[in-house]
Amino acid sequence: EMHNTTVTSDVDDPVTFNGALSMKRGRLWKFSMIAEVNNCLYRDAWMPPKIKRVLAKGRKPIPLKWVLKTKLNPNGRERLKSRIVSKGFMQVPGQS
C-alpha cells in the first residue's frame, strides 16, 4: 500500500527571509514565498503591514516569521515550501 506523503530532505534550509534570498536557490525561494503571500491574501488569512493604521491605539500587530523547508515529493523531487506563521507566543491578551 502506497501513501501520499512528503518528507523533509537533508538539505540545509534557510532560517530567515534574507538567508533564503542570499542562497544559491534564492530565486526559487522567492517564488515560493510569493506563492505563499498570494495564497494568504486569496484566503483573507493575512493583511499587509498597512494594518497598523487600523489597529486601536496602543495595540501592536502580532509579529510574523517565515518557516522555510525543502520537501521531497513521493517521486523524489524536491520542492520548496514557504509558510508565514504568527509568533503567537508574543501575544498579550487584550492587547494584540
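**Strand pairing, core and buried polar residues**

In the predicted model, a polar contact of 2.5 Å links the side chain of threonine 70 to the side chain of aspartate 13. Threonine 70 lies in strand β2, which spans residues 64-72. With a relative accessibility of 0%, threonine 70 falls under the 20% cut-off and is therefore classed as buried.

Strand β2 is joined by nine bridges to strand β3 (residues 78-86), and the two strands run antiparallel. Within this pairing, leucine 64 has serine 86 of β3 as its bridge partner. The two strands form a hairpin with five residues between them. In the turn, glycine 76 adopts a positive phi of about 95°.

The largest nonpolar core comprises seven residues, namely Ala20, Trp29, Met33, Trp66, Leu68, Leu80 and Ile84. At least two residues of this core come from each of α2, β2 and β3. In soluble globular proteins, nonpolar side chains tend to be buried together.

Among the core residues is tryptophan 29. When neighbours within four places in sequence are left aside, the contacts of tryptophan 29 include the core members Ala20, Leu68 and Leu80. Tryptophan 29 is also in contact with Asp13 and Thr70, the two residues whose side chains form the polar contact described above.

Helix α2 (residues 26-42) also contains serine 32. The relative accessibility of serine 32 is 12%, so this residue counts as buried.

Methods: Residues numbered from 1 in each chain as written. Predicted model: local features only at pLDDT ≥ 70, side-chain atom pairs only at ≥ 80, totals over all residues. Heavy atoms only, no water. Helix = DSSP H or I, 4+ residues; strand = E, 2+ residues; numbered from the N terminus. Buried < 20%, exposed > 50% of the residue type's maximum accessible area, 1.4 Å probe, protein only. Polar contact = N/O pair within 3.5 Å; in protein donor to acceptor, adjacent residues only side chain to side chain. Pairing = 2+ DSSP bridges. Core = buried A, V, L, I, M, F, W, Y, C linked by side-chain atoms within 4.5 Å. Contact = heavy atoms within 4.5 Å.
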